Amino acid sequence: MHASLFITCYNDTLFPETGRAVVSLLERLGVELDFHPQQTCCGQMHANTGFRSEAYSLAKRLVRLYADVEHIVIPSSSCVAMIRDQYPGLFEELGNDSLRREFAAFLPRVYELSEFLIDKLGVEDVGAYFPHRVTYHASCHGLRGIHLGDRPFRLLAKVRGLDLAPLPNLDRCCGFGGTFSVKNAEVSSAMLAVKLQDVLGTQAEYCTALDNSCLMHLGGAMHRQYAGMKTIHMAQILASTESAPMEALL
Amino acid sequence: MSHIVEHPVLDPRLAPPFPQAALPVLRNPQLRKNVAHAIDVIQTKRGKLIHEKTDWQDLRSAAAAIRTHVLENLGAYLEQFEARCTAAGGHVHWASDAAEARQIILDLLRQEKATEVIKIKTMTSAEIQLNPFLQAAGLGVFETDLAEIILQLGNQEPSHIVVPALHINRSQVREIFAKSMGRPELSDDPHALTDAARTYLRRKFLDIPSAISGANYLIAETGGVAIVESEGNGRMCLTLPRTLITLAGIEKVLPRFDDLEVMLQVLARSATGERMNPYTSLWNGVTPGDGPQNFHVVLLDNGRSSILAKKRERQTLRCIRCAACMNSCPVYRQTGGHAYGSVYPGPIGAILTPQLMQMHHAQSLPYASSLCGACYEVCPVKINIPEILLELRSQVVDQERHDLGRFFDPLYLGLRAAGVILSRAWLFHAVQRLGRIGGSFVTRKDGWIHAMPSVGGKWTQTRDLRGFPKDTFHAWWQQNRARQSEKGAK
């Protein structure tokens, strides 16, 4: 199976270990992975802040870049939600017929990582080993945006050694919200404080998610507070094995 | 009144921007506890009742379809309502804005030689700031909904559209009643408090022959009005007085009486987590010898027709004011209603208020959301609130992006620059390298950034940021995988 990785702008810049984990995981599962060197950003930050024309330019760029690719795998549910929820409106409003056709052909080839694993590859047990207590944070875009449902739990359940700690109020937002975290920094921090009570209450060693954006927010506060918990993208847990534990990927 | 926020400004023209208005609440533990507790109670009840309703999604679709159909044919249904209501003995008045509606109501009360008026809870009257206007004209205005009594006697503002005194707890209610009713001995036992309110209210109901109500629904087919409530105080206002004036937004109309079957089901479950609300009052015009003999309906536009004219934003007017969106909102849960600077708080307020202000005020409200989507998920008429928030954000940016004062705003500067940078991979990669160099000056020995300048400081005021990694992902790919595949190709 061929797939092309869209790593996303912030993972590329701030969380390259997540990208390396996706590569290691998918290659282990027999996927021939490609990476388009011209890729940058899906435009979500612009769209969500109100910069619609900039968002549209980036959307157009992304759709054209992946015109000839069989599957596009994205380890960020919020970027996938951007493509599924907002691209149609952007192309409807600002695009032309030929672009709308290109987008229609592009859309069904887009997969969030856990969707690709379960829906496309048909695997739940990816052969991972991660002997730690872990709690899963359902990002809003994963939960309500693209309806990941129980996919993340099915994957985590098959990780050997992993002790999954259920997170109370799973459907409550952590308060990140992109530029919301700086435009409404105080309210965002209040939401973060409430979420952290639930997260830290699980007594887990790691908090995982399919979005590094929420994790940057939660992990930033954990680090500030010497909270004794770390954040980790689920790709890194799934990539981790007995012979190549997660640490080796860092 | 130690822990209640004093006089928040609920006029969008005067209110401070949301981030600023939220600050006093965030620092107020009692208020945050009151709000979180109250909405958790409602949310839990709602959750159970939605769960038991196996056709809930079908009901939502039906309710959304009814409301969408109304908005697409609003003019015709309003005219039908006017004709049928008039035929039944009512009088229909049309008000294009708040000032006109206030004047119509004042003139009607003066015709009646009224010196006092009793009121059913109506957020629309708060929208047009009716009470201060009537009071300035010399009228005594008395709220009769229990929560509204608490607010009026405590000189407070509403913080929620269904339970407007949700930010006030029982002991604070005791404090307000004891002081305003001159009853220092009053306990905070709910029965004692209700009894005090009842004693206060009975005299008003018996003495005051004029009443003002809102409307949950206007029914075009019959010319009737429907009001739902929990206490029965509303029904007293609807039956005892000689004169009744109903103030309603033009979007409140339903085509048929039968549509209530769907709308009442979704409203009660969404609003208060009840299968059926305790009191549903329905009346058509005037019945000789029974109930009010002078009945007026004031139909209020006040910005609504400009919302109706916009295809994407029109769905805002489907709203049936159930408040499920604010009860589910993680932002509202922390800030309560006053921070929104409007009588309509929460997610629906964040889209409705700036639109009612024709985008001249309340521009901070579309940003008062993390776009988590919980509001859309619970909305019984399927208003895609996140979609409208984004639409309004783009309108705000279009207003502001050429504004000289905003030109050097770091966020605007940053996003404009990012638009250019992200359009070219080579430039993006160059900026990543520059960022890494710049980042190294603020990165501590532990590899984390504890303080950033400018807008970044908003991040680091409560969160650290891990320093830039040695390599970007694409650089790693270039060095490892790309070279391998080249070798393989050779």
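**View 1. Ala226(B) stands opposite Leu282(B) in strand 9 of chain B.** The model is predicted: local features need pLDDT of at least 70, side-chain atom pairs count only at pLDDT 80 or more, and totals for chains, interfaces and linings use all residues. Residues are numbered from 1 along each chain as its sequence is written, while chains are lettered from A and ligands numbered from 1 in the order in which they are written. Helices (H or I, at least four residues) and strands (E, at least two) are DSSP runs, numbered from the N terminus. Strand 9 covers residues 279-284, and six bridges join it to strand 6 of chain B. The two run antiparallel. Gly224(B) also faces a residue of strand 9, namely Asn284(B).

**View 2. Strand 6 of chain B, residues 224-229, is mostly covered.** Six of its six residues are buried. A residue is buried if 20 or more other C-beta atoms lie within 10 Å of its own, exposed if 12 or fewer, and partly exposed in between; the C-beta atoms are placed from the backbone. Look at both faces of the strand. On one side sit Gly224(B), Ala226(B) and Val228(B); on the other sit Val225(B), Ile227(B) and Glu229(B).

**View 3. Strand 5 and strand 6 of chain B form a hairpin.** Four residues lie between the strands. In the turn, Gly223(B) has a positive phi of about 75°. Strand 5 spans residues 217-219. Three bridges join it to strand 6, and the two run antiparallel. Leu218(B) stands opposite Val225(B).

**View 4. Four strands of chain B form an open sheet in the order 8-5-6-9.** Its pairing is mixed. Strand 8 (253-254) and strand 9 are the edge strands, as each pairs on one side only. Two strands pair if DSSP finds at least two bridges between them. Strands of a sheet pair through backbone hydrogen bonds, either parallel or antiparallel.

**View 5. Asn277(B) is found in the loop between helix 12 (259-271) and strand 9 of chain B.** Is this residue, Asn277(B), buried, exposed or partly exposed? It counts as partly exposed, because it has 17 C-beta neighbours inside 10 Å. Glu229(B) is 48 residues away along the chain, yet the C-alpha atoms of Asn277(B) and Glu229(B) are separated by 6.4 Å. Leaving out residues up to four places away in sequence, Asn277(B) touches Val228(B), Glu229(B), Ser230(B), Ala268(B) and Thr272(B). Two residues are in contact if their C-beta atoms, placed from the backbone, lie within 7 Å.

**View 6. Helix 4 of chain B runs over residues 74-87.** This helix has 14 residues and reaches 20 Å from its first C-alpha to its last. That is close to the 20 Å expected at 1.5 Å a residue. The expected span is 1.5 Å times one less than the number of residues. Buried residues of helix 4 are Tyr77(B), Leu78(B), Phe81(B), Glu82(B), Arg84(B) and Cys85(B). Their cover includes helix 3 (56-72), strand 1 (91-95), strand 5, strand 8 and strand 10 (294-300) of chain B. After the helix comes Gly89(B), with a positive phi near 100°.

**View 7. Helix 10 of chain B runs over residues 190-207.** Its 18 residues should span 26 Å at 1.5 Å a residue, and its end C-alpha atoms are 26 Å apart, which agrees. Which residues of helix 10 of chain B are buried? They are Leu193(B), Ala197(B), Leu201(B) and Lys204(B). Among the elements that cover them are strand 2 (116-119), helix 9 (170-180) and helix 11 (233-239) of chain B.

**View 8. Strand 7 of chain A, residues 206-209, is covered on both faces.** Tyr206(A) and Thr208(A) are buried on one side, Cys207(A) and Ala209(A) on the other. Three bridges join strand 7 to strand 5 (residues 133-136) of chain A, and these strands run parallel. There, Val134(A) has Tyr206(A) as its bridge partner. Strand 7 also pairs in the parallel sense with strand 8 (residues 230-233) of chain A, over four bridges. Cys207(A) stands opposite Thr231(A) in strand 8 of chain A. The chain passes from strand 7 through helix 12 (residues 212-224) of chain A to strand 8 of chain A, a right-handed β-α-β crossover. Right-handed means that, with the strands pointing away from the viewer, the path from the first strand over the helix to the second runs clockwise.
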